[in-house]
Amino acid sequence: MQYFVSVIDDESVSDNTDRRPAISAFNERLIAQGYWVFAGGLADTAAATVVDNRGEHPVITDGPFIESKEYLAGVWVWDVPDLDAAMALATEASKICDRKIEVRPFA
Amino acid sequence: MNEAREAVARAHQDEWARVVAALTRRFGSLDIAEEATAEAFLVAVERWSTDGVPPRPGAWLTTTANRKAIDRLRRENKREDKHREAQMVQSGAPPEPVGAVEDDRLRLIFICCHPALAMESRVALTLRMVGGLTVAEIARAFLAHESTIGQRITRAKAKITAAHIPFRVPSELDLADRVSGVLAVLYLIFNEGYLATGPDTAPVRADLTAEAIRLARLLRALLPTNGEVTGLLALMLLTEARRTARISAAGELVSLEEQDRGVWDAALIAEGRALVRERLAAAVAGEAPGRFAILAAIGAVHTSARDFRDTDWPQLRALYDRLVALDPSPVVALNRAVVVGEIDGPDVALAIIDRLEPELSGYHAFHAARAEMLRRLGRRSDARAAYDRAIELAGNTAETADLRRRRDRLG
């Protein structure tokens, strides 16, 4: 069962801690346990561009598709047996990243 | 005819959860298990009155429900299910070893109370799948529309499938947390029965308190060494024992002080106190008591007093001190303040209560407790204002009636 795991950041909380070493170590463990499919940190939402070509002409918009205080800072894809396993890992991930984590199954 | 109907009702109490649990494991779907079990009970109503009650009603129901589930899968007749179906038909319905069946019910409880489901979904799902209540019965108990409850259950089942919430007992590591999640669901069901909210409802709904106790008994049978399971069952029994004394003929809530202790249920009290003694022995042996065990002990102190004045207040204060250390919520602090009032007087209690105002100003019991202390201190107009506020905020019809009576008695 694959889960899309979102790391949710909050722009009102400033944080200068470098969490990369701890996240790298966590990733190594995910790989060793066979859970790791993909991981990636995202650039700031200011770097996002939305393309909408549902109409006659493509419309290009600067910025993220949804403006909110909370935004997606990074993603994982995990392959684990069930939600309990995903929640256990998410509990660790949340501590390591000091961020909220959303766990969502692929359909 | 009557005999058959009674047998079905009894089987519904004893076997519903077992059948749903066995089918959930076998077919991997709560949806199929629920529908097939409900159908099997409908068949039982017809067949048992003409053919007689089978010697093992539970086995009969499981077999019948299994057949209904296979019928449904056949009807759906999806190509990819063919192979699975063939396997299921071949395996028939072997009698389950008792241990495995017990585990299935525990798995069922844990999946229904899974923390990834919304609390209101957990409550509805548990009452439906484990308790065997119909959607209509749950809707009536919670004053909700049937469609709302139906949707809650459907959505919860859909999430369990889509998110792969597993049908198993949690690992040792998570067990304590997950059990406390289950207990929170049962306690919520009990409290909604014991102090029902809503302007047009009966103040106490015995069907819900009885169901909560039944589920807590089942959980204790499945997890006999868990102290908090035992504590919650004891707490429910000691509270339920006072139920009939709690509402007057006029429909007013009767305070502990004014209750006729003669109508308390002695059998429930004895059972609850035996469980509290069991937890006390565990505490003496070094197992720290949990929140429910302490609340149950508080209930045991109240129920062992011959009358209100006979209450062992210092013992209660010691128990509340332990509870505050474990659960520093303002509601616990409020209850402790009331006990302090019986020992150190209303002025001391009022000072403690007033400090809780920022957190509890929207809670009727805060204003009711304040009013009581103000009344004892002879501050009548302040007491009246506090009663007014409590009446505005109270949601239970009997409680409102009692508060009005107290306010009007101020003169």
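A residue is called buried if 20 or more other C-beta atoms lie within 10 Å of its own, exposed if 12 or fewer do, and partly exposed in between, with C-beta atoms placed from the backbone. By that count, 18% of the 107 residues of chain A are buried. This is a predicted model, in which local features need pLDDT of at least 70 and side-chain atom pairs count only at pLDDT 80 or more, while totals for chains, interfaces and linings use all residues. Residues are numbered from 1 along each chain as its sequence is written, and chains are lettered from A and ligands numbered from 1 in the order in which they are written.

**Chain A**

Chain A has 2 helices and 6 strands; helices (H or I, at least four residues) and strands (E, at least two) are DSSP runs, numbered from the N terminus. From the N terminus on, these elements follow the order β-α-β-β-β-β-α-β. Along the principal axes, the C-alpha atoms of chain A fill a box of roughly 50 × 35 × 20 Å. Two residues are in contact if their C-beta atoms, placed from the backbone, lie within 7 Å. Of the contacts in chain A between residues at least 6 apart in sequence, 75% join residues at least 24 apart.

An open sheet is formed by 4 strands of chain A in the order β2-β5-β1-β6, with antiparallel pairing. Strands pair here if DSSP finds at least two bridges between them. The edge strands, each pairing on one side only, are β2 (36-41) and β6 (100-105) of chain A. From one strand to the next the twist averages 20 degrees, where axes are lines fitted to C-alpha atoms, for helices over the stretch in contact, and angles run from 0 to 180 degrees between N-to-C directions. The pairs are listed below.

| Strand pair in chain A | Sense | Bridges |
|---|---|---|
| β1 (residues 2-10) and β6 | antiparallel | 6 bridges |
| β1 and β5 (residues 70-79) | antiparallel | 9 bridges |
| β2 and β5 | antiparallel | 5 bridges |

A:Val5 has A:Val103 in β6(A) as its bridge partner, and A:Gln2 has A:Asp79 in β5(A). A:Gly40 stands opposite A:Val75, again in β5(A). In a regular strand the side chains alternate between the two faces of the sheet.

A:Asp98 lies in the loop between α2 and β6 of chain A. Its phi is near 50 degrees, a positive value in a residue other than glycine. Most residues other than glycine have a negative phi, and most peptide bonds are trans. A:Asp98 counts as partly exposed because 13 C-beta neighbours lie inside 10 Å.

**Where the chains meet**

In the contact between the chains, 6 residues of chain A meet 7 residues of chain B. Helix α2 (residues 83-97) of chain A supplies the largest share of the chain A side, 3 residues. That side divides into 4 nonpolar, no polar and 2 charged residues.

**Helices of chain B**

Helix α13 (residues 266-284) of chain B has 19 residues, which at 1.5 Å a residue should span 27 Å; the end C-alpha atoms are 26 Å apart, which agrees. The expected span is 1.5 Å times one less than the number of residues. B:Ile269, B:Gly272, B:Arg273, B:Leu275, B:Val276 and B:Arg279 are buried in α13(B). Down the axis of α13(B), these buried residues fall within an arc of 160 degrees, so they line one face of the helix; the arc is that of the directions from the helix axis to the C-beta atoms. Exposed residues on the other side of α13(B) include B:Ala266, B:Ala270 and B:Val284. The cover over the buried residues of α13(B) includes α11 (227-240) and α14 of chain B. After α13(B) comes B:Gly286, with a positive phi near 110 degrees.

In helix α17 (residues 346-355) of chain B, the buried residues are B:Pro346, B:Ala349, B:Leu350 and B:Ile353. They fall within an arc of 100 degrees seen down the axis of α17(B), so they line one face of the helix. They pack against α16 (330-344) and α19 (364-376) of chain B.

**Loop residues of chain B**

B:Asp312 sits in the loop between α14 (291-303) and α15 (313-326) of chain B. B:Asp312 is partly exposed, because 13 other C-beta atoms lie within 10 Å. Leaving out residues up to four places away in sequence, B:Asp312 touches B:Val301 and B:Ala305.

Definitions and conventions
Nonpolar A, V, L, I, M, F, W, Y, C, P; charged D, E, K, R; others polar.
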